Structure formats: structure tokens, C-alpha cells
Amino acid sequence: MTVTEPKARFRDLLAAEWTKLWSLRSTYGVLVTGALVVLGICGNSARSNSDLIDNSGDPASQAAFLDPFHAAFVPDAFLILVILAGSVGAIAVFGEYTSGLIRTTFAAVPARRAVVAAKVTVVAAVMTVFGALVAGASFGLTQAIYAEHGIGRSIGAPGALRAVAASALLAPVCALVGMALGALVRNAAGSVVGVVGVLALLPNLFRGETYRWVKEIGNAMPQSAWEALVRNPAKPPFVPDKYPVTLTEGWIVLVAWPLAAALLAMWVVHRRDV
Amino acid sequence: MGSVIEAIELTKRYGRTTAVDGLSFTVKPGLVTGFLGPNGAGKSTTLRMILGLNTPTAGTVTVDGRPFRDRPRGLRHVGALLDASEVHGGRSARAHLMALARSNRIPRRRVDEVLEEVGLANVARRRVGGYSLGMRQRLGIAAALLGDPPVLLFDEPLNGLDPEGVLWVRGLFHRMAAEGRTVFVSSHLMTEMEHTADHLIVIGRGRLIAAEPLAEFAARGTRASVNVRTSDPAALTAVLTAEGASVQREDDGSCTVTGLDAARIGELAFAHGVVVHELATRGSSLEEAFMQLTAGNADHVTEESR
């Protein structure tokens, strides 16, 4: 029997990964829940601040004191987004290992790095759209709530588009880090602990400005980069940072992490027995 | 000429454990080849090395002259069912097969064809998590058939199938082999292979024990014995021994006769007026051949590593 075979195309692998992602109910569940949680927290923050202004003895100065960006990008809300996006990425990888599906996958496509590249591409694309929708909606919602007090900003305000873009990127960045952790650890509990440890806890170990090297390590974390990029240029901090993350550094961090994560995932999956 | 699987001095070590030890064999097209060995003999590890899932510590294995892992896409070259549980329970059978088909540029209608062929068409939209083991085996077989490949590998495919399913799978193997495909089927039960395989590769503790046609393998076995119950064992023993058979008295009063078949024993007993209550050909000689060959090779300490 002779085998006649069409040329192998990368886009077939993309289509396969797309099918895999959307044929699991959990994908929809996790993304919808995540979006609602973030929007709920940010919307609530803007509403509470509005009430604060209304009930204040001096509403005008209270309104002027508030940073309208803060409610759009509440750090705790985006920390949830970070963990959720990291988990989505991790599940996409460890889900194949824990079920053993990975052997079926690699028997069908022995070019393992191409499989990982396709998975990375699909997850990154989906999470970028998800991040953009959540960040855009959060900005729009909170600024609309603030509009009645005249402090709502438009997307054209200085730093606004940058803040939305950085927040949108946070989702794919964390998803790819999650994928690398999933590929390294290959089981559910370990991968999720890894996601929380690396993305949520690690940055907190490198804070304070006493030692520059400590702060610089902290500055290289995605969370610190995001904090720098969503800062409202119209509301500088009262006490300026001694070793701040510059905008350029922030963007570099948000590009370097997912790249390194994707390469790491491809490398370990290529090398190891499955 | 179809695709040949060829292993040369294939070796796989995990730390101090040697799972596969200098294994060389050839699996030819047009036959169903049984891959037989006790649990832990290294069958699954060998199959995984054929598929490039595990990298050999030493030696090589090729399919159609090339290491499988060098191929960008696999389904048109080798169809494999390693473990029926290796699917995501949250997906439907159709979605599972669709993703596999897409990755190899196999048309959508082929998915429906294989679902029809394995008898899962009417449950294809249900999630695999709710499938019985037998249904999962069928799904795994469907996945193996997707690319219409010249080589088929199955690891313990009869597990979990009902008798009807076993017959169906055997029929499928024979049909695939008759079409000129290479069919390689592992099992730890000789009885499973007896009606399934044409050729056997037997391993124990990672080493080759035998590689020969089923008939030759069977001939290695002890001669078939017949269990006889009679009212007069002494008379029967005298008659049968005179014909060259050896007769052994069992604790339960019956006799085990070797050297004559059941029909001849019956004739002799009738001719000499000995009453016979029961005549039963005992045990499969193939099973015995297998047990003899693999005795001392069973490894219950180290399980097949996953």
C-alpha cells in the first residue's frame, strides 16, 4: 500500500487546536465567569466611589482627588484575571497529559513543536480577544459611571488606550506562562499551584525600594509591568518610585514573558517522553 | 509491498530498570502479528517507541524505513490505539475525531465514515466521559482507522469488549491484513491471540523469546491431553497403554491421557467394552506453549511504566 499524503500545513494544526478548545464546555464557562467577575469588581468600585463623592461634604474636591483609571483597573480584579488566564493556559496543556490524550495527539502529529506552536497561537489569540473585551468593557463601564460626576475619561485621554491595551495583553501573557507551567509540571494541581505561585505570589516577594536588585527583579514581573502601564499619567503618585518600571520596560516584560514561555513549552514537550 | 515495522536492538531503560532489552523483530504486511508477553514484559514501551512517543535508549525502530517521529503527520502512515482512556472525557466522540482529522487534513466525511464503521454514529455527539470501556475501545479504533493507514497498532484492544465486540475486532483485523496492511496487536493472553494472529512475536522481560508463525509456535507446546472418566480405570489404562498412550491417574479418579486424541480413545474404549462417562480434550496447547516459554519471564515487580 502506498501512502498518498497532502502537504502538511500549520493551519491544519491551528484548526485542530481551535476545535479542541471550543469543544470543551469548561472553556466557555471559565471565560464568561472570569469576565463577569472582573467587570463586577470594577463596576462596583466605580459605583462606590460615586457614592463617596455624592455623600462627601465637598463633592467637587473629592471628585478631583479620585483617579478615574483606578476603578477601571482594580488590581485585585486583574489579579483574578491573571490567575484565571494562567489556569486556562495550563489546562490547555495539562488537560492533554492527565487524560493521556497527548499520546493520541503526538501519534497523529509527530511534529511536536508544531503542535505546541499551534496551541500557543490559538490560546494567545483567544485570550487576546478575551482580554481586550474585558479591559475595554471595564474601562467603558467605569468611565460611564463616573461621567455623571464629570470625571469619566474617554479612550482618547492620555494613557487610556495604553492602559486598556496593557490590560488586554495581560490575559494572553499569563495564559502562555500557564501553558509553560502545564508543560513542565504535567498535572492539574501542580500546574495551578505553579500559576498562582509564579504569577500572583512571586511579584510580592520582590517589593520595597531598599535594595535596588530586589526591586528590579520585581519590576521584571508581568504584574509590575501592568501596574506601570495602567497608571494614569494625569495622577502621578504622591511619592515617586525610586526605581520605577518605565513604559518601555513594561512593554518589554509583556512581550518577553510569553515568548520565553512559548519556547520553554516547545522545548520540554519536544524533549520528553510522553 | 506494504509497510514493514522493523526494530533493531531496541533498548529502553528507565533509571536502573530495563524495560526493553536489545529487541529485534520485523512485522510484515498482510498478516495479523500478535505481540505477546506477560504484564510488564515491555510491550507498551515497545509500541510507544514505534510511535516515537518514547525515545529508545539504544537501537532503532522504523516504520516503512523511517523513524515515525520524522514524519510531520502520522495518521496516514500508522493508526494506533494504545489505551482507550486516552481521550478527553469532556469532548464528544465526534469532536475528538474531528480535531484529529483536521490536524492531518483528513476530510470531514471520513469522520462520519469511521464512526459508522465502529458503530458509534448514533452516540457520536455524546461526551466521551459517559462511554463504557467497550465504547471507548471502539472510539480508539475509529481514530486508528481515520487516516486509512497501511500500519495499525493496537495495545490490548480486546479489553473491555463484549463477545460480539471481540468477534467484530477479530474480523476487522483479518480484513485489514487481507487488504495488505500491517496489523500488530499486543496481548498478555494467549487465548486472545489464538484466533486473532497469524504470526507471533513473544517477549518476556523486554527480550525476544520467539518470533514465528502461530502454527509453529503451537507445535512447540506439549501434546494435547485428554481427560477421561470411566467406571473401570484399570481396564482403560491397560487398553490405552497398549496403543502407546501414557495414562496418569488423577486425584479425582479421572485419567489424563496423552498421545491419543479423544476420538481414538472413544473408539478403543467402545471396542474393549469399557464404559466412558466423560471425554474432554484439555487445555489449549498454545496456552501451554506460551506459559512454558514465558515462565520465569513474568515480571510482577516492575509494572509497565506509563
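**Note on the predicted two-chain model**

1. Start with chain B. Strand β8 (residues 199–204) and strand β9 (residues 207–213) of chain B pair in the antiparallel sense over 6 bridges. Pairing requires at least two DSSP bridges between the strands. β8(B) and β9(B) form a hairpin with 2 residues between them. In the turn, Arg205(B) has a positive phi of about 50°. Leu200(B) stands opposite Glu212(B) in β9(B).

2. A word on the basis. This is a predicted model, in which local features need pLDDT of at least 70, side-chain atom pairs count only at pLDDT 80 or more, and totals for chains, interfaces and linings use all residues. Residues are numbered from 1 along each chain as its sequence is written, and chains are lettered from A and ligands numbered from 1 in the order in which they are written.

3. Chain A has 12 helices and 0 strands. These are DSSP runs numbered from the N terminus: helices are H or I, at least four residues, and strands are E, at least two. The C-alpha trace of chain A spans about 85 × 40 × 30 Å along its principal axes.

4. Now the interface. 30 residues of chain A are in contact with 38 residues of chain B (contact: C-beta atoms, placed from the backbone, within 7 Å). On the chain A side, α1 (10–22), α2 (25–55), α5 (75–99) and α6 (101–108) each give two or more residues.

5. Asp241(A) is found in the loop between α11 (222–229) and α12 (247–271) of chain A. The C-alpha atoms of Asp241(A) and Gly208(A) are separated by 9.7 Å, and the two lie 33 residues apart along the chain.

Conventions:
Two residues are in contact if their C-beta atoms, placed from the backbone, lie within 7 Å.
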